[in-house]
Amino acid sequence: MSQAPVVRLQNVTKVIGKRTIIDGVSFEVRPGEVFGFLGPNGSGKTTTIRMIVGLMGMTAGDIHIGEHSVRSDFPKAIVQVGAIVENPEMYKFLTGYQNLMHYARMNPSITKERIQEVVELVGLQGRIHDKVKKYSLGMRQRLGVAQAVMHKPKLLVLDEPTNGLDPAGIRELRDYLRRLAQDEGTAVVVSSHLLSEMELMCDRVAILQNGKIIDVRSIRGQDNDVKTLEEVSFDVDHPDAALGILEGLGNGKIVDGLLNLSSDRAGVAALNRRLVEAGINVYGIRVKTKSLEDQFLEMTGSETIG
Ligand SMILES: Nc1ncnc2c1ncn2[C@@H]1O[C@H](COP(=O)(O)OP(=O)(O)OP(=O)(O)O)[C@@H](O)[C@H]1O
């Protein structure tokens, strides 16, 4: 995690009328990372994304793309971004290739080789010379991504990219986003209200509710395995003292005389060792693995997430 972030949001706030739509949102995304922005409908995902790409101003806070502020240095910030925020504009009566050529002409740095590269990246090589009107939604989506990354942006932003895609289309999207992150080091920000998709696609997710980030967590460890979170209960002789010893770790709480904490698997052993070393007697440890879905539902109350 030593690389400088590609995008950094600091206390981003948006007030419309008297309503605070986005309330002090901060996070950063590093090169090669696929970052999910997850929240129920109306939680503020689109508004945040519109601010990242400069389609909407901020009331307070700032967003940096690389070292350039979206507020004070917008032209330099935005050239490093590729985005699909609304439906990508395509000429339906032109072929996929002609559409890409059309956009490439606006940017002399894009070579024919680069166009070929992005076509392969999104897996459209077999159909790139067909007219766009014959494309499925998934293929249009891919063409949109190809177009958005032709200029090799450091950051790719996609708002609800899975909307309307079937499971095969979602799997393909996931594969080429990961490829883009790995091969080109692009930082990718995707929003969705569907946790199941985010779990498959992202390295980390931020969970947004009522305009606030209520949690940011890693989904994949360095080994690329999906991480699970454990809820641990320690049965100890002095729960209050144990809570003090583990202060600041795992959001500890005492429930029914047991010390409950959140941890990953390796952390459970470390927490136990710390207690024992501090002279606490541990009579039992119960570990419950919670899926991200359980956690998300708990955090956001009863709101459905699909
Ligand atoms: N221009 C606006 N004026 C007033 N309220 C707005 C405006 N834009 C968004 N909102 C409100 O801000 C909140 C967040 O909206 P936003 O579209 O960002 O949420 P979202 O998480 O993207 O949800 P969805 O997935 O439904 O689009 C909503 O309550 C919405 O009604």
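## Model and numbering

This is a predicted model, in which local features need pLDDT of at least 70 and side-chain atom pairs count only at pLDDT 80 or more, while totals for chains, interfaces and linings use all residues. Residues are numbered from 1 along each chain as its sequence is written.

## Overall layout

The C-alpha trace of the chain spans about 75 × 45 × 35 Å along its principal axes. The chain contains 10 helices and 14 strands, which are DSSP runs numbered from the N terminus (helices H or I, at least four residues; strands E, at least two). Two domains are assigned, domain 1 (7–218) and domain 2 (230–292), with bounds from an automatic or database domain assignment. Their centres, taken over C-alpha atoms, are 40 Å apart.

Of the 306 residues, 33% count as buried. A residue is buried if 20 or more other C-beta atoms lie within 10 Å of its own, exposed if 12 or fewer, and partly exposed in between, with C-beta atoms placed from the backbone. Among contacts with a separation of 6 or more, 69% join residues 24 or more positions apart; a contact requires C-beta atoms, placed from the backbone, within 7 Å.

## Ligand shell

The residues around the ligand are I16, I21, G39, N41, G42, S43, G44, K45, T46, T47 and H193; the criterion is a C-beta atom, placed from the backbone, within 6 Å. Helix 1 (residues 45–52) gives the most to this shell, with three residues.

By class, the shell has two nonpolar, eight polar and one charged residues. In this scheme Ala, Val, Leu, Ile, Met, Phe, Trp, Tyr, Cys and Pro are nonpolar, Asp, Glu, Lys and Arg are charged, and the others, Gly among them, are polar.

## Nonpolar cores

A nonpolar core is a set of buried Ala, Val, Leu, Ile, Met, Phe, Trp, Tyr and Cys residues joined through C-beta atoms within 7 Å. The largest has 60 residues, and V7, A146, L155, V157, V188 and V189 have the most contacts inside it. Beyond its neighbours within four places in sequence, V157 contacts I49, I52, V53, V81, A83 and V189. Another core, of nine residues, lies apart from it and includes F234, L246, L261 and L275.

## Positive phi values

N11, in strand 1 (residues 7–16), has a positive phi near 50 degrees. N11 counts as exposed because it has 12 C-beta neighbours inside 10 Å.

N210 has a positive phi near 45 degrees and sits in the loop between strand 9 (204–209) and strand 10 (212–218). With 15 C-beta neighbours inside 10 Å, N210 is partly exposed.

Definitions and conventions
Contact = placed C-beta atoms within 7 Å.
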